[in-house]
Amino acid sequence: MKKLTLFAAILMATTPTYSQDTTVIKTIDLSAAEVTGTRAPLPADKAVRLVQVLDRQAIQASSAQSVNDLLKQVAGVDVRQRGAFGIQTDISVNGGTEDQLTVLINGINISNPHTGHLTFDLPVNIDDIERIEVIEGGASRVYGCQAFSGAINIVTRTDNDNHLQAHAYGGSYGTAGANAGLTLTTSDFNNRLSGGYVRSDGGTYNDDFNKANAYWRGRYSSDHIQATIQAGLSTMNYGANTFYGTGSDSQYEENRRYLVSASAEYKGQVNIPVQLYWNRSLDHYVWMRANPEAYQNFHQTNVYGANAGANTTWTLGKTAIGIELRRENILSTRLGKELPEGEQHKVPGHNAYYKYKDGRTNLGLYLEHNILIDNATISLGLLANDNTAVTGGMRLYPGIDISWRLGQMKLFASFNQSLRTPTYTDLYYNGPGLEGNSQLKPEKSTDWHVGATFTAEGFNTQVKAFYRKGTDMIDWVKKTGETVYTTANSDIDNIGAEMLTSVDLARLLPSTPLRQLTLGYCYNFKHRVNTEQQASYASRLTFLRHKLTATLQHNVFSHLDAQWNLTLKNRHGEFDNAKTGQTQKYGTFATLDLKLTWTRPHYSLYLQANNLTDYAYYDFANIQQPGLWFMGGLKLNLGL
């Protein structure tokens, strides 16, 4: 019987599912599996897109303490931290920006229209996660209109037994935290309830934080119906150092996020998935922590969404149709259109008023058809999109993905067009030296990808090359003679290549303590096509030109295992160093992490060290990252 190694599983309800051909997790019967990167589920061996996946095994072995830390292990992902434990981290893929990425929890879009800086304020603990799936490249026709440069889906655990998990940890800089998760199941229902808290004095000046979260997911399954409800809360308070400017090193911020969603899918001759969700984000930013009323901003965003679709198999292949509706509202002390005095809202608990408001509605209609041939799959799709904030009415965004199977090798090629509407910060932010532009055009891209995977006994590899032609890309620009930066559109091209190789050393070298070796590399180059003369661009085209990752897992002795993570980065761009007064390049640097884990059936103990070389580096201008950081912890897993 034909077999295939697989590094993915089926996502929920209305969202597309992902496949991966690179790392051995388990072997399954292809006739029973459906994993794909299309609107209509396809058999695993006919998948048409490359996806990188971090599964639970990789998560448990890693020294990561947050989702953001985990994503550092993916070569094509750029993780720019402003603090440890994922406290305000900007994440992008393949040379994009944090605003050009769609982020989902169990297929629910949680992207923030206020700013991409807040998208990764997550209500889940790292111990809640089953896997993280990363798809690189524009695919609005599959993942929604904002999937400009890629999408990341975080899939939470659905265990099949009743048990209680607990995790306590602590370490350098006064860091301490704990979380717990309870799973209760019956033949038809599965429930998981979790919560956690962590605090730290921070690794640098004014970098302290505390963070709490709570999350519940309930799932019902039968022969024809699968339904899921999830609800989450996250709250963070943190010292913001010089995050938004060097004029103050005592900035401070508070974030709150609430989310609720429900989804269901009827499975029959015609499969019918539906999805409803609501997200609310609250943000309070202070310029000077000791005197907050001197300059502070409050923002409240509410996002409402509904998706419905249908897909079926017939003589000519698999076809899917659907509709997506998403409403994005903001109330703010600074962002939006000014409200009449009688309509202004008081900020609860503060002597401030929401004086500005805006909203927009996005409607997406999609159609997709998949042609399945013996050794090839062709997926043709189209998104028709209309946004009330964008002139010109309904616009079309087509795409085509092709895969061709040649024994142990699979070839991929794709062409997709995508869009991104500006964030409310892009449109309206006004502050010292900055002025938004409410007339911004949406960003548009045309992406070409080619790639291949090869699978052999104990060995998996994938390579790809990509080219993105970006039109009306958004940046902060200051022209000669002007005193402020304002947002403006320009065209930027992005070209790159990526490689990932995984070697199952335990299979190839069974008599040694070696377990697994994974190597990844990504190259990016960005070019601004129509640079204005005598203009200064705030971004300075800062991006990762080179990123190399290496992960080695091995046994030390008995039940003690080790994992080493090496990350080498070369960041293109420069910044004005506030301390030296000189222009400083980001340059090249490397970090090395180590985690030692003693594992027994019902508990594990671990000790880890991040940035073993104690290297001082910058992800953002003038924000030096912490040096050597030690952590240790205990995990319990108790059956009920």
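Leaving aside neighbours within four places in sequence, Leu 276 is in contact with Val 260, Ser 261, Ala 262, Gly 305 and Ala 306, where contact means heavy atoms within 4.5 Å. The residue lies in strand E16 (residues 270-286); strands (E, at least two residues) and helices (H or I, at least four) are DSSP runs, numbered from the N terminus. With a relative accessibility of 54%, Leu 276 counts as exposed, on a scale where buried means under 20% relative accessible area, exposed over 50% and partly exposed in between (1.4 Å probe, protein chains only). Its C-alpha atom is separated by 9.6 Å from that of Ile 229, 47 residues apart along the chain.

The model is a predicted one, in which local features need pLDDT of at least 70 and side-chain atom pairs count only at pLDDT 80 or more, while totals for chains, interfaces and linings use all residues. Residues are numbered from 1 along each chain as its sequence is written, and side-chain values use heavy atoms, with hydrogens and water left out.

Turning to the protein as a whole, five helices and 39 strands are present. The radius of gyration, taken over C-alpha atoms, is 24 Å, close to the 26 Å that the globule rule gives for 640 residues, so the protein is as compact as a globular protein of that length; the rule itself is 2.2 Å times the number of residues to the power 0.38. Along the principal axes, the C-alpha atoms fill a box of roughly 70 × 55 × 50 Å. Of the 640 residues, 57% are buried. Among contacts with a separation of 6 or more, 62% join residues 24 or more positions apart. The accessible surface comes to about 25,700 Å², and 58% of this belongs to carbon and sulfur atoms; such areas come from the Shrake-Rupley method with a 1.4 Å probe, and for residues only the protein chains shown count as cover.

Strands of a sheet pair through backbone hydrogen bonds, either parallel or antiparallel. Here five strands form an open sheet in the order E3-E8-E9-E6-E7, with mixed pairing; two strands pair if DSSP finds at least two bridges between them. Strand E3 (52-55) and strand E7 (108-109) stand at the edges with a single partner strand each, so one side of each has no neighbour in the sheet. Strand E6 (residues 101-105) pairs with E7 in the antiparallel sense over two bridges, and Ile 105 stands opposite Ile 108 in E7.

Salt bridges are counted when a side-chain nitrogen of Lys or Arg is within 4 Å of a carboxyl oxygen of Asp or Glu, and by this rule the count comes to 27. One of them joins the side chains of Asp 159 and Arg 56 (2.9 Å, N to O). This pair links distant parts of the chain, 103 residues apart: Asp 159 is in the loop between strand E9 (150-156) and strand E10 (163-171), and Arg 56 is in helix H1 (residues 56-61). Asp 159 also meets Arg 157 in a salt bridge (3.2 Å, N to O), and both Arg 157 and Asp 159 are buried. Arg 56, Glu 130, Arg 157 and Asp 159 are linked in a network of salt bridges. Elsewhere, Asp 201 and Arg 199 form a salt bridge whose closest N and O atoms are 3.0 Å apart; Asp 201 is partly exposed at 44% relative accessible area, and Arg 199 is partly exposed at 29%.

Asp 426 lies in helix H4 (residues 424-428) and counts as buried at 6% relative accessibility. Beyond its neighbours within four places in sequence, Asp 426 is in contact with Asp 99, Arg 420, Gly 436, Asn 437, Leu 440, Ile 474 and Thr 487. Asn 94, in the loop between strand E5 (89-93) and E6, has a positive phi of about 50 degrees although it is not a glycine, and is buried with a relative accessible area of 1%. Asn 611, found in the loop between E36 and strand E37 (618-620), has a positive phi near 55 degrees and is buried at 5%.
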